[in-house]
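The sequence and the structure are shown first.

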Amino acid sequence: MITWDDFEKVELRIGTIIEVTDFPEARKPAYKLRVDFGVEVGVRKSSAQVMDLYSKEELIGKQVLAVTNFPPKQIGPFLSECLITGVQTANGAVTLVRPDAKVDNGERLF
């Protein structure tokens, strides 16, 4: 169990995917993403193993929920600056955690 204070330390924010490129060096099929989290956080890079359910074109403009206060993590030749959240389906594909309605980039989950 964690405390409420522990949970409040995690910055879960909404951002909009603005760029998607292939990530052929990844061990599992993945995309490289650039996500706009608004003025306070800015644009961050991440990778996402979501190729089973999403094409590059349909990801552009989608809002996602991400952890923005983890330290950067080196993933092969790529430096990830945030963690995009997703949930595995029964067959192992990853579906993104997203808001039902458009919200401002950078808004926090509370």
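Predicted model: local features only at pLDDT ≥ 70, side-chain atom pairs only at ≥ 80, totals over all residues.

Five strands form an open sheet in which the pairing is antiparallel and the order is 3-2-1-4-7. The edges of this sheet are strand 3 and strand 7 (83-84), each of which pairs on one side only. Strand 2 is joined to strand 1 by six bridges in the antiparallel sense, and six bridges, again antiparallel, link strand 2 with strand 3. Residue L33 can be followed across these two pairings, for L33 is the bridge partner of V20 in strand 2, while the bridge partner of L33 in strand 3 is S46.

In soluble globular proteins, nonpolar side chains tend to be buried together. Here the largest nonpolar core has 17 residues, and those with the most contacts inside it are I17, L33, V35, V50, L59, I84 and L96. At least two residues of this core come from each of strand 1, strand 2, strand 4 (63-67) and strand 9 (94-96), and strand 2 gives the most, with three residues.

When residues up to four places away in sequence are not counted, L96 touches V50, Y54, L59, V64, I84, T85 and G86. V94, which is found in strand 9, is in contact with Q49, V50, L53, Y54, G86, V87 and Q88, its neighbours within four places in sequence again being left aside. Along the chain V94 and R108 are 14 residues apart, and their C-alpha atoms are separated by 22 Å.

**The aromatic pairs**

How many aromatic pairs does the count come to? The count comes to two, and the table sets out their geometry. A pair of aromatic rings is described by the distance of the centres and the angle of the planes.

| Pair | Centre to centre | Angle between the planes | Class |
|---|---|---|---|
| W4 and F7 | 5.3 Å | 45 degrees | tilted |
| F23 and F78 | 5.5 Å | 55 degrees | tilted |

W4 and F7 both lie in helix 1 (residues 4-8), where they are three residues apart, about one turn of the helix. W4 counts as exposed because its relative accessibility is 55%, and the cut-off for exposed is over 50%. F7, with a relative accessible area of 27%, is partly exposed.

F23 lies in the loop between strand 1 (12-22) and strand 2 (31-36), and F78 lies in strand 6 (residues 78-80), so this pair ties together parts that are 55 residues apart in sequence. Both F23 and F78 are buried.

S47 lies in strand 3 (residues 43-48) and, not counting residues up to four places away in sequence, touches F23, Y31, K32, I75, F78 and S80. Is S47 buried or exposed? S47 counts as buried because its relative accessibility is 19%, and buried means under 20%.

How values were computed: Residues numbered from 1 in each chain as written. Heavy atoms only, no water. Phe/Tyr/Trp six-rings, centres within 6.5 Å; stacked < 30°, edge-to-face > 60°. Helix = DSSP H or I, 4+ residues; strand = E, 2+ residues; numbered from the N terminus. Buried < 20%, exposed > 50% of the residue type's maximum accessible area, 1.4 Å probe, protein only. Contact = heavy atoms within 4.5 Å. Core = buried A, V, L, I, M, F, W, Y, C linked by side-chain atoms within 4.5 Å. Pairing = 2+ DSSP bridges.
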